[in-house]
Amino acid sequence: MAKEQLLSYEDALDKFEVVIGLEVHVELNTKSKMFCGCANVFGSEPNTNVCPICIALPGSLPAVNRKAVESSIAIGLALDCQIAPTGRFARKNYFYPDLAKNFQTSQYDEPIAFEGKIDIELESGEVHTVLIERAHMEEDAGKLTHVGGATGRIQGAEYSLVDYNRAGVPLVEIVTKPIFGAGDKAPELAAAYVRAIREIVKAMDVSDAKMERGNVRCDANVSLRPKGQEKLGTRTETKNVNSLRSVENAVRYEIQRQGYILANGGTITQETRHWHEDRGHTSSGRPKSDADDYRYFPEPDLVPVQPSKEWIEEIRASLPEMPSLRRRRLQEEWGFAELEFRDVVNSDLLDQVEDTVKAGAAPQAARKWWTGELARIANAENLVVQDLSITPLQVAQIQKLIDAGDLTDRMARDVVAGVLAGEGEPAQVIEKRGLKVVKDDGALIEAIDKALASQPDVLEKIREGKVQAAGAVIGAVMQAMRGQVDAARVRELILERASK
Amino acid sequence: MTELVFKTAAEIADLIASKEISSQEVTKAFYDRAEALNPQTNSYLYQSRENAMAAAVSADKAQAEGKILSILHGVPIAVKDNLTTTDAPTTSGSKILEGWVPQYDATVVKKLRASGLPILGKTNLDEFAMGSSTEYSAFGPSRNPWDLDRIPGGSGGGSSSAVAGHLAPIAIGSDTGGSIRYPAAVTGSVGAKPTYGAVSRYGLIALASSLDQIGPVSNTVLDSALLQDVISGHDPHDSTSLKDSLGSMTDAVKNADVKGLRVGIVKQLSKDGFQPGVKACFDDTIAKLTAQGVEVVEVDCPSFEYAIAAYYLILPAEASSNLAKFDSVRFGLRVAPEGNPTIERVMAATREAGFGPEVKRRIILGTYALSSGYYDAYYGSAQKVRTLIQQDLEKAFSQVDVLLTPTAPTTAFKIGEKVNDPIAMYLNDVATIPANLAGIPGMSVPNGLAQEDGLPSGVQILAPAMQDAQMYRVGAIIEKLYTDEWGSPLIAKAPKLEVK
């Protein structure tokens, strides 16, 4: 498909005001599905987590998963929403082979949570308050695999396979109100918003929150209007933008694409579009108009969800500290510089650093381990640092030994290597590898005396006050001691012995 | 001693409990008769001697071990073919499901099995229970044992003809707008629709979820009470099922007495539109009750006038969505269209070939009623009527304990008489529909033969929601007034079917 023509980003922003709206689907990590007892797990053999309910055999009926309702309420509360005292499910009717019942059980005019807000901080420190229209419960569809044909899409495929393992997995759809006034920061704000939602649901442990697995999916609505115009422009909805970078790029692309059309006197077609990360553009999906008729009506097979005030308050009381507040608190407690702290956050290492600090390490030391040596090792082995087989507690133990002078930096790196190699706890690695700072100065003094005796010219220089000459013997002493001494201590003793 | 197959379920249960006969003897007697007579009545769509006898053997074995599983232990039963059974195909009277053997048992079927009731077979019905005569069954109409040229009522004509013809002592029916009560009335048998939610709908192939209810079909009020006690109770698989027990219907029947009883006659359902003989039977019932000192008053239910109109919007709306799952993808019929077999075309070809005319009519009606722009005028208004009918009934029940109406406007009509006149067919349900719209219990009890055609007539008893026991009490009172007069239940007057 030919790439469409684009207006430059600067020109587009010069001429038009950008309005965005975001719909984020969060897949909940409940043990069972939304309306049946089937396991809600990723990666099983196709069609193994299914039952008469989620494949819609005649006669089967749904029953609401209480845990999913609890998670949905928690999400609503975290987004500062009101929780509906009573809410019905509704049927959204349309035929599609991944939708077993040919209707999706969702919420329509009675969402469980509504009227919320969230503050989003951009890179520059600028804060935007995004208003939440609603958060509602619904079920996921199955997964289609189109076989044959060039594109892997339904058009041109020879046949399609349906996997209903995902059918009926609980989803919460969070819908923002139109977001105005972000200007050239609209793409960044979109991505930052999705990141914030992702962090929140992860912190609450209501979702696995892995975008690459589709646990968090974003549909981005974009429209432009001439500056000063009241009426909103025609919007497009770019579906299933599944990484933070894609969210930013897709919004930016739509601004430029729509900008070109509008600047040249064209009109925008209201439609859904698909984002192609590999080619960096969106393409037209199906036209979406207000004539789309899902024939919504209240789901007669389910009684309304009526969370009691007590239950809602119980859930509110059990909410964890929200990620943005936690960040603010930790940055203050740790006293990191802006860049240092951002490095930790961007590497998703807050938990590790915090746990290492809790286990007794100084914040700066903890930070250096995780963003420095450990990140380097992970990178070299093509891993993410979180997957390294070393715990914050172990890192803290090693750091404490350094602080006590029992390990040199180099030895500590050896201990880390040993732990990662599966040689056991730091203490065991130290034992096995014989890594111990020699504290009995007897052997050291002997080595120093020997080294000084073999280099009388150096000894002379030191005695003349040229202390930097000591460096010449340090190497020899360290070598003799097989590195298991602290260089600073060696230097100190050389000066002491030389003056005798 | 009366031949076994002409005994009531209560009598049979007593004989089994006292070990005078075995479940195997009874089951065999009914099975033999059903097998021989089914070619005449077409009551059963599926019969299995092997399944029935295996269950009878189990029941006898359990009894030998001292386990009486229920008050109907060992009594064989017929089940309407819109309840799922793992050991028998389940068609719901439709070609689209022909040959489908469900992977799970309906909750009611599970209860029957656990209560020691051998299942004789699956009974005929109008396709997806849409109809009043069984003429819309894809597998031919059932016939009325009183006159084989006449309809046995519908949709549950298979169950009513089986019970009235003694091809089963009792049967399970389902009632969405009268599908238990109307067939009972025109075959001189007893049928009860419990309060909505009293019996689990899990495994009942849905027609209209908010109206459907499973209930008993029998030759006596006591038999229906026994069966309702066996099948009712909360089911976590059906979130609309009632949490509270409604008490024992059997006790209500056994302890029935007229003392203090107040009966209401619905103004809108006692004047015009009834066959004179049916009206005469109804007046006779009222006269008999009055003679017993029962207080009879007329009550006004003005909204009943709109009941049929509302019903024929709500039912098709829900049905259009419930029937969407019949798409050829996961079960049932699959028809390949000529030309390119895309999924949309396969779905369309399958539904075109698999659904009969009445089903298509209602899907189209319902789809239209839910369409955007029409929803408020049709579905929305119908729901308002529903509320008004509930209010009318609430007001009426503040004055009386139960309401009485003729169950059906006429006695059984001839096969073919109304099949091309849907409106005439719909009017059969005028008296039975309000109970479904309001969720209240209703039952039909025989009250004589119409003078002009000698065919059975029925009186309908309506009670407030959750007061099924009150309905059974009055049913037992009316039944006794007649058996005292006739010396036997009305059904004993039915012509005896003979094997040809």
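B:Ser155 sits in the loop that runs between strand E3 (119-123) and helix H5 (157-164) of chain B. In this predicted model, a cis peptide bond with omega of about 5 degrees links B:Gly154 to B:Ser155. The loop between E3 and H5 of chain B also holds B:Ala129. The phi of B:Ala129 is near 65 degrees, a positive value in a residue that is not glycine. B:Ala129 is buried, because 29 other C-beta atoms lie within 10 Å and the cut-off for a buried residue is 20 or more.

Chain B has another residue of this kind. B:Ser328 is not a glycine, yet its phi is positive, at about 75 degrees. B:Ser328 is placed in the loop between H10 and helix H11 (343-354) of chain B. With 21 C-beta neighbours inside 10 Å, B:Ser328 therefore counts as buried.

A buried loop residue is found in chain A as well. A:Phe89 belongs to the loop between strand E2 (82-83) and strand E3 (90-93) of chain A, and it counts as buried because it has 28 C-beta neighbours inside 10 Å. Leaving out residues up to four places away in sequence, A:Phe89 touches A:Thr105, A:Ser106, A:Gln107, A:Glu299 and A:Leu302. A:Met137 is 48 residues from A:Phe89 along the chain, and the C-alpha atoms of the two are 8.2 Å apart.

| Helix pair | Axis separation | Angle |
|---|---|---|
| H10 (392-403) and H11 (409-420) of chain A | within 10 Å | roughly 155 degrees |
| H10 (307-322) and H12 (357-370) of chain B | 7 Å | about 100 degrees |

In chain A, angles over 145 degrees count as roughly antiparallel, so H10(A) and H11(A) are roughly antiparallel to each other. The crossing of H10(A) past H11(A) is right-handed. On the H10(A) side the contact is made by A:Gln394, A:Ile398 and A:Ile402, and on the H11(A) side by A:Asp409, A:Ala412, A:Val415, A:Val416 and A:Val419. These residues comprise six nonpolar, one polar and one charged.

In chain B, angles of 65 to 115 degrees count as roughly perpendicular, so H10(B) and H12(B) are roughly perpendicular to each other. H10(B) contributes B:Leu313, B:Pro316, B:Ala317, B:Ala319 and B:Ser320 to the contact, while the residues from H12(B) include B:Arg362, B:Ile363 and B:Leu365. Eight residues of this contact are nonpolar, three are polar and one is charged.

In soluble globular proteins, nonpolar side chains tend to be buried together. The largest nonpolar core here has 240 residues, and A:Ala190, B:Ile77 and B:Ala168 touch the most other members. Helix H3 (residues 186-203) of chain A gives the most to this core, with 11 residues. Apart from neighbours within four places in sequence, A:Ala190 is in contact with A:Ile20, A:Leu22, A:Ala220, A:Val247, A:Glu248 and A:Val251. There is also a second, separate core of 23 residues, with A:Ala361, A:Ile390, A:Leu401 and A:Val419 among them. A:Val419 is also one of the residues through which H11(A) meets H10(A).

The last topic is the contact between the chains. Chain A supplies 25 residues and chain B supplies 35 residues. On the side of chain A that touches chain B, 17 residues are nonpolar, three are polar and five are charged.

Methods:
Residues are numbered from 1 along each chain as its sequence is written. Chains are lettered from A and ligands numbered from 1 in the order in which they are written. This is a predicted model: local features need pLDDT of at least 70, side-chain atom pairs count only at pLDDT 80 or more; totals for chains, interfaces and linings use all residues. Axes are lines fitted to C-alpha atoms, for helices over the stretch in contact, and angles run from 0 to 180 degrees between N-to-C directions. Helices (H or I, at least four residues) and strands (E, at least two) are DSSP runs, numbered from the N terminus. Angles under 35 degrees count as roughly parallel, over 145 as roughly antiparallel, 65 to 115 as roughly perpendicular and the rest as oblique. A crossing is left-handed if the near helix is turned anticlockwise from the far one by less than a right angle, and right-handed if clockwise. Two residues are in contact if their C-beta atoms, placed from the backbone, lie within 7 Å. Ala, Val, Leu, Ile, Met, Phe, Trp, Tyr, Cys and Pro count as nonpolar, Asp, Glu, Lys and Arg as charged, and the others, Gly among them, as polar. A nonpolar core is a set of buried Ala, Val, Leu, Ile, Met, Phe, Trp, Tyr and Cys residues joined through C-beta atoms within 7 Å. A residue is buried if 20 or more other C-beta atoms lie within 10 Å of its own, exposed if 12 or fewer, and partly exposed in between; C-beta atoms are placed from the backbone.
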